Every structure is written in C-alpha cells, then in structure tokens.
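Please keep the 3D view open and find each residue as it is mentioned.

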Amino acid sequence: TYTATGLVNGVTYSFSVIAVRGSDTSSPTTVNVTPVAPVAGTPTGLSATAQDAAVSLSWSPVSQATSYRVYVNGQQSTITTAPNAVITSLANGTQYSFTVSAVNGSTVSAQSSPVVATPVATAPAAPTNLTLTPGNGQVSLSWTAPARATSYGVYRNNVLVGSPTTASYVDTGLTNGSSYAYRVVAFAQNS
C-alpha cells in the first residue's frame, strides 16, 4: 500500500502501479483519483431568536467545517464562516423555518433539524405630551405620536375606552364635575 500526501482536494491525479519480479515488469495499471475533503458533520443545537423583521440564529460549531449554509424555508439564504447568523428583511408576523448545513471544501453536510421563528415588530415608545381638554360631558385627548405607532389604546380609570389610529381621541358620555384618570398606549402593527 501507498498513501500519497500533500494532494489538493478537487484536483485529479493519475497513479500507475507496475509489478516487478527480478528483471520482469508488468504492464502498468493506471487509476485516476480526485481527493475530496471529508464531509463535515451535520450542525446541531440550532436555535432561533425572533427580532424586528429579522431572526438571529446560532448553532454548535462543527469540526472540519470551513463555512455554513443557512436555509430559510428550504432555500439557501446566506453563507457564513461563524456558527451564527442574523437573517434580515423578513416580514413581521410571518413564521419562517430555518436549517443549517456545514461545508468543507466541495462537500456539504445534511441540513440540521429545522427550527421556526416569527419576527415581531418592536413595540413603539410611549406617547408623550398627553394633553387633556375638558368639555361638556367629554374630554378631548391629544398626544405626540412615537415613531412606528399604528394605533393606540386610550384607557380611562384603567379601562380601555378607545382604539384610535390617530394621535387624538374624544371620550364622551362623562359626568360633568367628576375626575377621570387617562393613559395612552401605542401599538405597532404585529408588535
């Protein structure tokens, strides 16, 4: 037996063997061989953390892996050399399935077990500058809208009384001379 070392994966080499007995030699037997990198193991420990329009992925490193392929819903999305990735430009409120394969040279492992995650919009900040203007049997509320707010919850004495989509609301049917406590909460779509 003979083991040739120092060869480059993916390059074809020709080897010839000749039998020698005394002064007699056989015809050469020639074989062509193309060495390949060993297949890296399948990634394990894949976990996903939903973010705003993105999902953060991490997994256990695989020995012999030179890079990793990340798949979203079965389609290759990105290639990374680290055992983690952040997949962006995802739709909030939509569930996605993720898998990862390990790459070593031209060989690719099987895909990992899938994990699912649903990106969720980050809740907007609280409305500011709440202004209350009393009227006859009513209170008019207005506030400064925070970025990304798409709707609001108006609470009177900790009870939801309105869900406007603008930065104002008129609460009616009130008793003149009575005190009321108000708070406003902002919401973003899919948060």
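1. The side chain of N32 makes a polar contact with the side chain of S14, at 2.4 Å. This is a predicted model, and the distance, like every other value in this note, was computed from it. N32 itself lies in strand β4, which covers residues 29–33. Once residues up to four places away in sequence are set aside, N32 touches T12, Y13 and S14, so that S14 is one of its contacts as well as its polar partner.

2. Is N32 buried or exposed? With a relative accessibility of 57%, N32 counts as exposed, because the cut-off for that class is over 50%. If you look for N32 and V100 together, you will find their C-alpha atoms separated by 33 Å, while the two residues are 68 apart along the chain.

3. T107 is found in strand β11, residues 107–108, and with a relative accessible area of 11% it is buried, since buried means under 20%. Its side chain reaches two backbone oxygens: that of N104 at 2.7 Å and that of P38 at 3.4 Å.

4. For the chain as a whole, the secondary structure comes to 0 helices and 18 strands. The radius of gyration is 33 Å, well over the 16 Å that the globule rule gives for 191 residues, so the chain is more spread out than a compact globule. Along its principal axes, the C-alpha trace spans about 125 × 20 × 20 Å. Buried residues make up 29% of the 191 residues, and among contacts with a separation of 6 or more, 55% are between residues 24 or more positions apart.

5. Which residues of the largest nonpolar core touch the most other members? This core has 18 residues, and the ones that touch the most other members are L57, W59, V70, I87 and F98. The elements that give two or more residues to the core are β6 (54–58), β7 (67–72), β9 (84–87), β10 (96–104) and β12 (115–117), and it is β10 that gives the most, with 4 residues.

6. Apart from its neighbours within four places in sequence, I87 is in contact with A53, A54, V55, L57, V70, V72, S77, T78 and F98. A second, separate core of 10 residues includes V139, Y152, V154 and Y182.

7. Finally, please look at one sheet in detail. Strands of a sheet pair through backbone hydrogen bonds, either parallel or antiparallel. Here, an open sheet of 3 strands has the order β13-β14-β17, and its pairing is antiparallel. The edge strands, each of which pairs on one side only, are β13 (128–135) and β17 (168–172), and neighbouring strands of the sheet are turned against each other by 15° on average, with direction ignored. Strand β14, residues 138–144, pairs with β17 in the antiparallel sense over 5 bridges, and the bridge partner of S142 in β17 is S168.

Conventions: Residues numbered from 1 in each chain as written. Predicted model: local features only at pLDDT ≥ 70, side-chain atom pairs only at ≥ 80, totals over all residues. Heavy atoms only, no water. Pairing = 2+ DSSP bridges. Axes fitted to C-alpha atoms, helices over the stretch in contact; angles between N-to-C directions. Core = buried A, V, L, I, M, F, W, Y, C linked by side-chain atoms within 4.5 Å. Buried < 20%, exposed > 50% of the residue type's maximum accessible area, 1.4 Å probe, protein only. Contact = heavy atoms within 4.5 Å. Polar contact = N/O pair within 3.5 Å; in protein donor to acceptor, adjacent residues only side chain to side chain. Rg over C-alpha atoms; globule rule 2.2 N^0.38 Å.
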